[in-house]
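User: I would like a close look at one part of this model, with the cut-offs stated as you go. Start from a single side chain and then move on to the helix.

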Amino acid sequence: MHTRTEQNSLRIFDFDFNSEIPKYQQLVNAINDALANNTITIGDALPSVNSICKDYSLSRDTVFKAYSILRENGVVESVPNKGYYVAGNTRKVLLVLDTFKAYKEVLYHAFVNNLPKNIIVDVQFHHYKIGNFKTILNNSKGRYYKYVVMTFNHKDVPQVLSDFDNDDLLLIDWAVHSKPSHNYVFQDFGNAFYDALSKAIVPFKKYKKLVFVYPTFTSHPTESVSYFKKFCETHTIKYKVITNPDEFIITKGEAYISVSDRILGFFLEQCRANHFEPGTDVGFLSYNETPMKPFIYKGISVISTDFKQMGAQAASFVTNNNLLQTFIPTNLILRESL
């Protein structure tokens, strides 16, 4: 067991008493950062609660809360009459997703599989409800090494995020409410979507009209609708936007684009009922690749970002502890449905 003195261990702490970050969280962050930088290692003694209180004018409750969080996460352990020691470098990361869907599962597995074994991931879902979002993040403050969060378009989201240190927070998927100082891994729902549509000009020309089915129940960014209209007008393509799913009735000679897999199900049902052949009589272009779309009805064409790459990039933020600001490309994958 290492026997560094408390004085040497104390050098890892640096408190900012003017910071909005709670002092107990600053202490948790300092110890986690020291582990990441090998300033301290497994077996090293940590300063006693009393010594930290004395040297930094902190309350016992503040120091004890920090040590309790670290012990809960498996980072430190306490030995009666001896004090606190570094037990391991196990870290807990919170992953907050919007909903559980097939492509989110791809992201999750890529994220987890690219993390070292000492990282434990807790996953929670906000379902686009601000109450859920606030509860999840407010209850998690100070309890995780890093926070990887999918946000959504609500006016209260920025205030919730402002309570977290930017160095510990990564925003993923949608750029809404992001700031230049944030870490992020996003996809582009505007220009990148337009560019992907442009690559499908040849199959689109087979059809007399393009119909974007953007159902009212979706939370997909509305900017995609704007760029769809821009694309059709630029290329003189007849188009229509449907927001009421009850109005989705397929017509021979039309191609459909949708952000909802529920609409894809409706499309295939109507093809079977009307004896339409996808890719010949009618076309379909789906948003977001899933493991099953290559195999559904000879293959469903998709516009999608690479969720596997997004998950891997998010994992790199956790392990490398560096600034990360990147957009994952959006691609067109043509299959028989178009």
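What is the relative accessible area of His 177? And which residues of α11 are buried?

Analyst: This is a predicted model, in which local features need pLDDT of at least 70 and side-chain atom pairs count only at pLDDT 80 or more, while totals for chains, interfaces and linings use all residues. Residues are numbered from 1 along each chain as its sequence is written, and side-chain values use heavy atoms, with hydrogens and water left out.

The relative accessible area of His 177 is 22%, so His 177 is partly exposed (buried is under 20%, exposed over 50%, partly exposed in between; 1.4 Å probe, protein chains only). His 177 sits in the loop that joins β6 (169–173) to β7 (183–187) (strands are DSSP runs of E of at least two residues, helices runs of H or I of at least four, numbered from the N terminus). The phi of His 177 is positive, near 70°. Most residues other than glycine have a negative phi.

His 127 is another non-glycine residue with a positive phi, here about 55°. Its loop runs between β4 (119–125) and α6 (130–140). His 127 counts as partly exposed because its relative accessibility is 41%.

A positive phi also occurs just after α11, where His 275 takes a value of about 60°. Helix α11 covers residues 261–274, and its 14 residues should span 20 Å at 1.5 Å a residue; the end C-alpha atoms are 20 Å apart, which agrees (the expected span is 1.5 Å times one less than the number of residues).

The buried residues of α11 are Ile 263, Leu 264, Phe 267, Gln 270 and Cys 271. Viewed down the helix axis, these buried residues fall within an arc of 125°, so they line one face of α11 (the arc is that of the directions from the axis to the C-beta atoms). An α-helix has 3.6 residues a turn, so residues three or four places apart point the same way. Arg 272 and Ala 273, on the other side of α11, are exposed.

At the start of the helix, Ser 260 brings a side-chain oxygen to within 3.1 Å of the backbone nitrogen of Arg 262.

Key: Polar contact = N/O pair within 3.5 Å; in protein donor to acceptor, adjacent residues only side chain to side chain.
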